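Here is a short note for a colleague opening this entry for the first time. Please keep the structure in view while reading.

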Amino acid sequence: MDLDARYLLCPMPVIRVSAAIAHVAAGDTLTVRCTDPGALHDIPAWCRLEGHEVVETRTEPSGDIMIVIRAGGRK
Amino acid sequence: MENDKRKAIVLLSGGLDSLLAARLMLDQGIHVEGINFFTGFCVEGHTHAVRRDRKDRVVRNNALHSAEQLGIRLHIVDVMDDYKDVVLNPRHGYGAHLNPCLDCKAFMIGQARSWIEQHGFDFIVTGEVLGQRPMSQRRDTFPVVARESGALDRLLRPLSAWLLPPTLPEREGWVDRERLLGLSGRNRKPQIALARAYGFEYAQPSGGCCFLTDENYAHKLKDLWASRGERRYDFDDIMLLKIGRHLRPHPSFKLIIGREEGENRFLEGYRHRFTHLWALEHKGPLALLQGDVDEAGLDLACAITARFGQGRCEARVRVAVSEPGGTVGERDVAPLPAHALATDWYL
């Protein structure tokens with residue numbers, strides 16, 4: 001599943017991730033595209049608290065930040 | 001055993017007091033989770049992080065950092081729509097600027113009350129300290145918040161508990177009142193000492209956590225309402241008030257001008273909604289135009305945009321004008337001279 005969280009400031013990307021990942025089966029991934037550099041800190045922090053795993057973060061040539069999350073079992 | 005524990009939700013702001021209040025509950029074996037409400041006006045390092053020239057600022061969400069230190073879950077709840085009524089119609093009025101602190105506190109604790117009812121939690125905890133804030137943390141307003149939120153005696157303020165009547169969690173023995181605290185006033189030395197003892201990192205207590213307490217922000221919000229002839233706002237309005245220079249050179253329109261690359265990039269996200277301007281042959285800002293302009297007004301907007309770019313000393317600068325629908329035109333203008341940039345245009 002993909003989530004477009006571009007141009008959203010903290011904590012909206014986390015709120016959107018929280019809502020979206022509820023629809024992702026455990027073990028499947030959610031790919032988030034965002035522009036707020038703080039998301040590089042916050043989304044992994046939130047994932048640690050909720051038992052999800054960040055499997056990849058990268059910055060695209062456009063400057064967009066991509067974060068790939070593998071959903072844990074807790075909803 | 002976990003299932004036998006009493007459950008508390010802590011309003012976790014990211015500041016020191018709520019961090020300590022949560023820790024006091026954990027120390028008593030309470031199951032604690034955090035809740036943090038997004039009103040749209042929250043001040044976070046991210047607002048500054050948009051600016052790429054401010055890399056020294058901490059860019060983490062402080063409430064999340066608190067939750068990580070405590071090892072508890074954090075529920076970040078978007079209350080922006082419901083919060084509008086608090087901002088627009090505060091029953092208890094505003095503080096120094098547009099901050100409806102007492103109504104805000106009652107609203108948030110009311111939201112927490114609904115949350116604990118839905119999730120089977122027993123009580124609500126805040127980091128409020130008696131006498132610390134002029135509106136919402138007074139002996140006469142604590143009961144107002146408890147009553148108007150509907151939380152009543154399920155609202156525990158552990159940092160000032162000894163100075164307040166016992167609440168349900170104390171009377172029922174869910175928490176030991178003797179192991180709570182009797183802090184009051186604005187002196188934060190006891191909290192800082194406790195934080196040191198626990199080894200906590202915390203956001204420095206300064207500047208408040210809400211843009212509505214900020215004089216400059218409140219001025220821009222009032223200008224927005226005045227320009228519309230009515231007091232209303234949406235999500236994008238209040239986000240944009242946090243970003244860029246805001247200039248109103250004419251009653252009918254204003255410009256939001258990026259101050260550096262990060263802000264320009266953020267403003268790019270609004271190109272589909274607003275006419276936007278940028279210099280074609282010189283480095284410079286992206287400017288969003290809000291409102292209505294005639295030909296003279298558009299020339300002025302272009303001249304201002306050119307003024308803030310690297311072509312400011314040139315005789316003429318070509319400025320692109322793009323409509324929200326995608327139509328792009330261009331104008332050849334003389335950058336506005338510095339002396340013509342009226343100080344009262346700045347919001």
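This is a predicted model: local features need pLDDT of at least 70, side-chain atom pairs count only at pLDDT 80 or more; totals for chains, interfaces and linings use all residues.

1. **Make-up of chain A.** Chain A holds two helices and four strands. Along the sequence they come in the order β-α-β-α-β-β. The two helices are H1, residues 12–21, and H2, residues 39–50.

2. **Size of chain A.** The C-alpha atoms of chain A fill a box of roughly 30 × 20 × 20 Å along the principal axes. The radius of gyration is 11 Å, which agrees with the value near 11 Å that a compact globule of 75 residues would have. Of the 75 residues, 37% are buried. Take the contacts in chain A between residues at least 6 apart in sequence: 58% of them join residues at least 24 apart.

3. **The helix pair in chain A.** How do H1(A) and H2(A) pack, in angle and in distance between axes? The angle is about 35 degrees, and the axes lie 9 Å apart. The crossing of H1(A) past H2(A) is right-handed. From H1(A), the contact takes in A:Pro13, A:Val14 and A:Val17. Facing them in H2(A) are A:Ala39, A:Asp42, A:Ile43 and A:Trp46. Six residues of this contact are nonpolar, one is charged and none is polar.

4. **Where the chains touch.** On the side of chain A, 20 residues are in contact with 21 residues of chain B. H1 and H2 of chain A each supply at least two residues to that side. Which element of chain A gives the most? H2(A) does, with seven residues. By type, the side of chain A that touches chain B has 10 nonpolar, five polar and five charged residues.

5. **Make-up of chain B.** Chain B has 12 helices and 11 strands. Its C-alpha atoms fill a box of roughly 75 × 40 × 35 Å along the principal axes. Buried residues account for 47% of the 347 residues in chain B. Among contacts in chain B between residues at least 6 apart in sequence, 66% join residues at least 24 apart.

6. **Domains of chain B.** The domain assignment gives domain 1 as 2–210 and domain 2 as 243–345. Taken over C-alpha atoms, the centres of domain 1 and domain 2 of chain B are 42 Å apart.

7. **A glutamate to look at.** B:Glu33 sits in strand E2 of chain B, residues 31–38. Is B:Glu33 buried or exposed? B:Glu33 counts as buried because 21 other C-beta atoms lie within 10 Å, and the cut-off for buried is 20 or more. Beyond its neighbours within four places in sequence, B:Glu33 is in contact with B:Ile9, B:Ile72, B:Arg73 and B:His75. For a sense of scale, compare B:Glu330. B:Glu33 and B:Glu330 are 297 residues apart in sequence, and their C-alpha atoms are 55 Å apart in space.

8. **Helix H11 of chain B.** H11(B) covers residues 261–268. Which of its residues are buried? They are B:Gly262, B:Glu263, B:Asn264, B:Phe266 and B:Leu267.

Key
Residues are numbered from 1 along each chain as its sequence is written. Chains are lettered from A and ligands numbered from 1 in the order in which they are written. Axes are lines fitted to C-alpha atoms, for helices over the stretch in contact, and angles run from 0 to 180 degrees between N-to-C directions. A crossing is left-handed if the near helix is turned anticlockwise from the far one by less than a right angle, and right-handed if clockwise. Two residues are in contact if their C-beta atoms, placed from the backbone, lie within 7 Å. Ala, Val, Leu, Ile, Met, Phe, Trp, Tyr, Cys and Pro count as nonpolar, Asp, Glu, Lys and Arg as charged, and the others, Gly among them, as polar. The radius of gyration is taken over C-alpha atoms; the globule rule is 2.2 Å times the number of residues to the power 0.38. A residue is buried if 20 or more other C-beta atoms lie within 10 Å of its own, exposed if 12 or fewer, and partly exposed in between; C-beta atoms are placed from the backbone. Domain bounds come from an automatic or database domain assignment.
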